[in-house]
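I opened this notebook to record what I looked up in one structure. The entries follow the order in which I worked.

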Amino acid sequence: MDFLGLRTLTTLQRSIDLVKQTKNIDVDIEDVDFTDRKVLDLFCRGESKGIFQFESGGMQDLLMKMAPDRLEDLIAANALYRPGPMELIPLYCNRKHAREKVPLVHPIMDEILKETYGIMVYQEQVMQIFNQLGGIDLSNAYKLIKAISKRRSMSSPSSSRTSSRAR
């Protein structure tokens, strides 16, 4: 969602105005409670129709399995619900719900991956590991991640089909 887009800002302001008109409640967008249990319960029940990137049936199923109880779980769900990382969803859910133990690998990695139950979910985590464990400065860690991503996309089945057609 482009939060800085004029249309989005207009929609947000209109929503705030409507809440004030219909419920007589002043909404301060700067003071949103990210720990609101009622909101998190909606996600736990998969009631996310109309919420950008959370409205598909597959995502609703993921939310019900994950049972997010913090904003970080919603962010992880969004990152995991993509081709590739999607295969880690059962592992994330099992570790989150203590059905599977989070393995201790190395103190540096354990600290970096604590928020995601020992799973590398974000590129930033990989960059931090390269930096803190491998001594690679962050700018080079970023280049390394981009090179890995490029290599991975070049070796995917769809890219090999494209290259064989070009021959």
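**Entry 1: The model and its conventions**

I noted that this is a predicted model, in which local features need pLDDT of at least 70, side-chain atom pairs count only at pLDDT 80 or more, and totals for chains, interfaces and linings use all residues. Residues are numbered from 1 along each chain as its sequence is written, and side-chain values use heavy atoms, with hydrogens and water left out.

**Entry 2: The whole chain**

I counted 9 helices and 0 strands in the chain. Helices (H or I, at least four residues) and strands (E, at least two) are DSSP runs, numbered from the N terminus. The order of elements from the N terminus is α-α-α-α-α-α-α-α-α.

I then looked up burial. Buried means under 20% relative accessible area, exposed over 50%, and partly exposed in between (1.4 Å probe, protein chains only). Of the 167 residues of the chain, 24% count as buried.

I also looked up contacts, where contact means heavy atoms within 4.5 Å. Among contacts between residues at least 6 apart in sequence, 33% join residues at least 24 apart.

**Entry 3: Helix H1**

I checked the span of H1, residues 6-23. This helix has 18 residues and reaches 25 Å from its first C-alpha to its last, close to the 26 Å expected at 1.5 Å a residue. The expected span is 1.5 Å times one less than the number of residues. H1 is followed by Asn 24, whose phi is positive, near 55°.

**Entry 4: The buried side of H3**

Which residues of H3 are buried? I listed Met 59, Gln 60, Leu 62, Leu 63 and Met 66. They cover an arc of only 160° around the axis, which puts them on the same side of H3. The arc is that of the directions from the helix axis to the C-beta atoms. What covers these buried residues includes helix H2 (37-44), H4 and H5.

I looked at Gln 60 of H3 in detail. Gln 60 counts as buried because its relative accessibility is 13%. Leaving out residues up to four places away in sequence, Gln 60 touches Gly 46, Ser 48, Lys 49, Phe 54 and Glu 55. The C-alpha atoms of Gln 60 and Arg 45 are separated by 7.9 Å, and the two residues are 15 residues apart along the chain.

Two packed helices are described by the angle between their axes and the distance between the axes. Axes are lines fitted to C-alpha atoms, for helices over the stretch in contact, and angles run from 0 to 180 degrees between N-to-C directions.

H3 and H4 pack at an angle of about 135°, with their axes 11 Å apart. H3 and H4 are therefore oblique to each other. Angles under 35 degrees count as roughly parallel, over 145 as roughly antiparallel, 65 to 115 as roughly perpendicular and the rest as oblique.

Which residues meet here? Met 59, Leu 62, Leu 63 and Met 66 in H3 meet Asp 73, Leu 74, Ala 77, Asn 78 and Leu 80 in H4.

**Entry 5: H3 against H5**

The axes of H3 and H5 come within 9 Å and cross at roughly 25°, and the two helices are therefore roughly parallel to each other. In this pair, Leu 62, Lys 65 and Met 66 of H3 meet Ile 89, Tyr 92, Cys 93 and Lys 96 of H5.

I next listed the buried residues of H5 (residues 89-96), which are Ile 89, Tyr 92, Cys 93, Arg 95 and Lys 96. Seen down the axis of H5, these residues fall within an arc of 165°, so they line one face of the helix. They pack against helix H3 (57-66) and helix H4 (71-80).

Most residues other than glycine have a negative phi, and most peptide bonds are trans.
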